[in-house]
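Subject: Structure handover

Hello,

Here is the structure you asked about. Please open it alongside this note.

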Amino acid sequence: MNTTTLQDTPLTTQPKVAIIGGGIAGSTAALGLASHHIDTVLIEAGPSLVNGPPICHLHAGGNLYREIDDKQCITLLRQSIDTLKLYPHCADYRPTLIAIPKRDPGTFEQLMPRLELLKRHYQHLVLDHSDNKVLGEPDNYYRVFEREEVDALLSKPNPTKALTASDWLIPVVKKLDLDTIKFPIVLVEEYGLNVFRLAASATLVSKELPHCHVHTNTQVTAINRHHNQWHLTLTTEQSTQTLVVDYLVNACGFKSGTIDDLIGCQQQRLVEFKAAYVTRWQDVEGHWPEVIFYGQRGTPNGMAQLTPYPNGYFQIHGMTKDITLFNDGLVASDTSSSQPQLPNALASKISHQWPEDVANARTEKSIDFLAHFIPEFSTAQVGGKPLYGAQQIPGSDPKLRATDVDFSTPFYARSEIVKASSAIDATALIYKDISDKFSLNNHPFDMPALTAQLSERAVANTATNLATARQYSTYLASRVNDQ
């Protein structure tokens with residue numbers, strides 16, 4: 001269908017909205033619109049919400065990414081604060097340790113200007129609104145440790161509960177090969193973000209909102225435009241039906257191009273396949289922060305990321321092509337389709353199970369990768385199947401991390417987020433476009449803390465059930481401080 005035939009005049013002033021894709025972008029948009037009394041239908045092809053690429057980190061400042069600009073880091077900081085306010089049950093409130101390996105050309109002096117910029121910006125956000133203070137005291141946003149301070153921690157007992165920055169470091173530095181890293185090291189208030197708890201929160205709240213209607217295990221197989229409305233063909237195992245809506249949101253993540261193709265809208269984008277690996281290290285002691293060893297992406301010495309969970313479980317990213325990245329894993333769309341095509345070997349990993357030998361081999365490589373810095377980690381075991389998926393990146397810049405929404409087609413929004421923390425900003429933009437298009441006299445957009453009213457027990461139980469249904473250890477649905 002040629003998008004130039006679309007008319008810009010709505011049929012109704014009480015619009016009905018369909019959102020295709022129940023990941024973090026689509027689920028957050030559905031909750032936001034429905035909370036403003038906009039009738040919203042959320043359509044998800046899979047059996048449950050928020051089941052996409054691995055989410056494990058709240059990028060409250062973007063300190064994992066030396067390559068992105070300061071503007072994106074400031075955006076990620078603000079978006080992460082909003083995400084914590086919306087999804088308070090989903091954060092693992094432990095800091096992130098950042099170390100520069102001796103094999104890496106980077107220096108601590110290169111990090112300081114950005115850390116100071118983010119600290120000042122966090123201070124301003126807290127002064128503007130006190131409820132923004134969700135990352136601790138602004139003065140404590142980051143803490144620098146010299147080698148002498150670290151050496152002094154080696155003789156201290158592991159704390160029963162980590163209460164201070166030093167407490168978080170004690171069990172880690174006892175295991176680190178300190179001669180492999182440069183000093184000083186930095187502890188920063190970037191927290192864990194638990195994908196199973198995100199899924200649980202979105203699922204539970206969606207059931208409480210009368211204007212939110214969720215359809216899982218449902219495919220959109222055709223889209224047509226008639227009389228200024230979208231006609232969607234929805235297919236399940238049992239039936240096929242037509243859904244008529246006034247406004248359409250494409251939140252399909254790496255499959256967004258398939259919806260663009262159905263409506264005839266050409267869009268350039270990248271898709272990148274990634275995987276993280278589940279390991280279990282039974283010899284771990286104490287409560288660990290997340291640990292980051294910087295590296296040059298795509299090289300054999302890429303960044304290493306160790307994300308802790310209870311009972312010795314760790315998730316690992318290694319930004320090399322033997323671990324998290326893949327040969328031919330970054331693909332672009334072309335003039336024939338808006339949907340980039342992953343190689344069959346990678347596409348089959350998404351649609352089917354990984355071959356066990358391949359999954360185990362990559363997991364073991366990730367263990368060896370971390371053991372360079374933490375020698376005793378070599379005793380870790382495969383802890384389950386990998387967490388994996390493909391990530392969309394709009395346009396042609398693979399370094400892009402903070403993005404929002406495209407409205408180039410009338411009554412159609414394409415939510416193009418790369419990081420989970422961008423979902424609220426995207427929802428606000430969609431709400432504004434709907435309000436403008438249909439002349440709604442709604443209040444200014446506010447994403448209420450919908451999930452704050454949820455009980456911790458309900459979120460934990462639902463997250464545990466989702467982890468089991470997805471064939472992961474239930475410890476991955478828990479937080480370090482739940483030990």
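With which side chain does the side chain of N63 make a polar contact? The partner is the side chain of E190, at 2.7 Å. A polar contact here is a pair of N or O atoms within 3.5 Å; within protein, one must be able to donate a hydrogen and the other to accept it, and residues adjacent in sequence count only if both atoms are side-chain atoms.

Some ground rules. This is a predicted model: local features need pLDDT of at least 70, side-chain atom pairs count only at pLDDT 80 or more, and totals for chains, interfaces and linings use all residues. Residues are numbered from 1 along each chain as its sequence is written, and side-chain values use heavy atoms, with hydrogens and water left out.

Back to N63. It sits in the loop between β2 (39–43) and α2 (70–86). Helices (H or I, at least four residues) and strands (E, at least two) are DSSP runs, numbered from the N terminus. N63 counts as buried because its relative accessibility is 5%. Buried means under 20% relative accessible area, exposed over 50%, and partly exposed in between (1.4 Å probe, protein chains only). Setting aside neighbours within four places in sequence, N63 is in contact (heavy atoms within 4.5 Å) with I98, L115, L118, Y141, V188, E190 and Y294.

K419 is another loop residue, between β21 (412–415) and α10 (423–437). K419 is buried too, at 11% relative accessible area. Its C-alpha atom is 23 Å from that of I434, 15 residues apart along the chain.

Next, the sheet. Three strands form an open, antiparallel sheet in the order β9-β10-β11. Strands pair if DSSP finds at least two bridges between them. The edges are β9 (219–226) and β11 (240–245), each pairing on one side only. From one strand to the next, the twist averages 25°. β10 (residues 229–235) and β11 share six bridges. W230 has V245 of β11 as its bridge partner. Helix α7 (residues 256–263) lies across β9 and β10, at about 35° to β9. Axes are lines fitted to C-alpha atoms, for helices over the stretch in contact; angles run from 0 to 180 degrees between N-to-C directions.

Last, the cysteines. C73 is buried at 1% relative accessibility, and C265 is buried at 6%.

Best wishes
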